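I opened my notebook to look up a few places in one chain. Here is what I was working from.

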Amino acid sequence: MSQESSAGPRTKTWLLCRSGPLAGTRYPVADGSMRIGRAPDNDVVLNGDDASAVSLYHAEIYRSGESCRVRDLSSTNGTWMDGQRVDDAEISLPAILQLGIQGPELAVVSEDVSSAGLDRTIEMPASGIGPLPAAASPAPAHEELLSSAVVRARRARAHGAHGQTMTIMRGVIEQALRQSHRRLRIVGYSLAALLLTVSSLAAWKITAMKREKNSIDAHIRQLEAQLQKSSGGADMDRLLSQLGDYQNEAESLQRTLLFRLGGVSGQDDFVTRELRSVMAEFGAEEYSIPPDFTERVNHYIEQDQGPNRPLIAAALGRAGGELQTIRTILKQEQLPEDLAYIPLVESALAPNQASAAGAVGPWQFTAPTARAYGLRVDGQLDERTDLVKSTRATCKYLRDLILDFGAGSSVMLALAAYDSGTTKVKQAVARTVRDPIKQRNFWYLYRARALPLETREYVPKVFAAILIGRNPHHFGF
């Protein structure tokens with residue numbers, strides 16, 4: 001008896017999708033690990049409406065010989081086996097895995113096949129595309145044609161037809177070309193079929209990404225609405241944690257090549273798109289800008305288009321050169337140039353503008369702060385009214401604020417502190433948030449309502465001025 005026939009049957013294990021767009025698809029479970037989740041680099045990629053509970057990297061199946069285990073990869077909604085939540089457990093075949101309480105179901109089943117059968121069969125993943133079959137070598141066919149032509153030519157010469165050799169060879173060449181063209185057509189048809197298959201898979205994947213993005217966006221909108229109604233404490237922390245998870249999933253999806261090539265994008269309005277652009281320049285990108293922040297920006301845009309229109313129009317009309325001077329200085333100091341629109345909010349660029357608190361000049365410096373940053377303020381001279389000198393002093397002040405609040409969305413926090421002062425912002429934050437990392441995240445502080453009310457209004461007011469300054473014609477100026 002041969003060694004092959006004496007080897008006996010071996011158990012082949014399969015992972016079978018029981019729900020969703022991949023229902024009926026099965027994957028061979030080989031020795032080693034098989035990772036399952038929504039990220040495109042998993043071994044089993046789950047998409048569709050029922051996959052919203054699935055994390056990017058949700059779980060993995062590990063097989064060693066005849067033993068199989070399932071491990072949860074710190075997923076948000078957990079992994080369940082036969083109705084019980086598991087972190088790391090032996091799989092007793094057959095078993096039903098569920099990713100999240102209401103997530104997709106996967107069956108782990110076994111099938112006995114002979115060793116010989118396994119030796120003859122190659123199992124491919126459902127999403128794989130095998131290589132094209134190699135075209136048969138043209139050499140034997142062409143050699144046969146050439147040998148036949150030589151025999152025919154010799155026979156023709158033997159019968160006295162010495163002028164037929166070229167005619168015979170020409171016929172052989174034409175026949176060889178016809179065979180080559182036929183093979184090329186077969187290869188062309190195969191390539192066309194492959195291209196059609198790849199295109200269809202890409203189109204299916206892009207459609208799945210659109211559904212996935214819509215599902216993530218729907219969850220984010222629900223969480224943002226709940227955050228606006230939250231009274232704080234543990235409930236707010238839980239909602240903010242869930243929001244962060246969904247935003248991470250969305251950002252991971254946006255980084256995939258197919259997402260970018262497929263043009264999968266949101267339907268943001270003009271103000272939201274411009275806000276995202278400015279946030280990117282400020283290093284404060286956020287997948288989901290809080291709706292109440294956008295609402296306040298729109299509110300102040302309407303104020304500037306309505307009651308404040310004469311003041312803003314006059315400032316934009318007469319101050320084109322002044323704004324350019326400020327932008328040039330900010331660029332030289334390696335600060336965001338759009339901070340040049342802060343004086344529109346502070347003083348409408350009026351050099352002699354004075355506040356009730358004694359702040360003077362386009363940047364509204366108080367006398368102590370101005371002196372601290374090198375400006376002369378006395379009975380004979382007040383350099384707060386000098387555009388160039390006060391702008392350079394402001395750059396030093398803004399740089400100190402940005403460095404003081406550290407990395408992350410520090411430009412946003414610097415704006416907050418510019419309005420109410422570093423100490424006031426830090427005290428308000430410390431009373432509300434103990435986590436030092438979160439204390440330096442503007443969006444966390446804004447959603448948690450940890451910033452002073454005046455500051456929560458000041459930052460959207462500055463962004464309204466920035467958007468108008470960047471797009472005056474769009475807003476009717």
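I noted that the model is predicted.

**Entry: helix α14**

I stayed with α14 and looked at burial. The helix covers residues 410-420. I found 10 of its 11 residues buried, so the helix is largely enclosed by the rest of the structure. I wrote down some of the buried residues, among them Val 411, Met 412, Leu 413, Leu 415 and Tyr 418. Ser 410 and Ser 420 are also buried.

**Entry: Ser 75**

Next I looked up Ser 75. I found this residue in the loop between β6 (67-72) and β7 (79-81). Is Ser 75 buried or exposed? Its relative accessibility is 10%, and buried means under 20%, so I put it down as buried. I then checked its partners. The side chain of Ser 75 makes a polar contact with the side chain of Asp 72, at 2.7 Å. I also set aside neighbours within four places in sequence, and Ser 75 was in contact with Ser 55 and His 58.

**Entry: salt bridges**

How many salt bridges does a search of the whole structure find? I got 27. Side chains of opposite charge can pair when their charged atoms come close. I picked out three pairs to follow.

I began with Arg 38 and Glu 249. They form a salt bridge, and the closest N and O atoms are 2.9 Å apart. Arg 38 sits in the loop between β3 (32-37) and β4 (44-45), while Glu 249 belongs to helix α5 (residues 233-254). I noted that this pair links distant parts of the chain, 211 residues apart. Both residues are buried.

I turned to Asp 292 and Arg 456. In this salt bridge the closest N and O atoms are 3.5 Å apart. Asp 292 lies in helix α8 and Arg 456 in helix α17, so the pair ties together parts that are 164 residues apart in sequence. Arg 456 counts as buried, at 11% relative accessibility.

I ended with Arg 327 and Glu 337. Their salt bridge has its closest N and O atoms 3.5 Å apart. I placed Arg 327 in helix α10 (residues 320-332) and Glu 337 in the loop between α10 and α11 (342-346). Arg 327 counts as buried at 19% relative accessibility, whereas Glu 337 is partly exposed at 29%.

Which residues are linked with this pair in a network of salt bridges? I listed Glu 274, Glu 281, Asp 338 and Arg 470 alongside Arg 327 and Glu 337.

Definitions and conventions
Residues are numbered from 1 along each chain as its sequence is written. This is a predicted model: local features need pLDDT of at least 70, side-chain atom pairs count only at pLDDT 80 or more; totals for chains, interfaces and linings use all residues. Side-chain values use heavy atoms; hydrogens and water are left out. Helices (H or I, at least four residues) and strands (E, at least two) are DSSP runs, numbered from the N terminus. Buried means under 20% relative accessible area, exposed over 50%, partly exposed in between (1.4 Å probe, protein chains only). A polar contact is a pair of N or O atoms within 3.5 Å; within protein, one must be able to donate a hydrogen and the other to accept it, and residues adjacent in sequence count only if both atoms are side-chain atoms. Contact means heavy atoms within 4.5 Å. A salt bridge is a side-chain nitrogen of Lys or Arg within 4 Å of a carboxyl oxygen of Asp or Glu.
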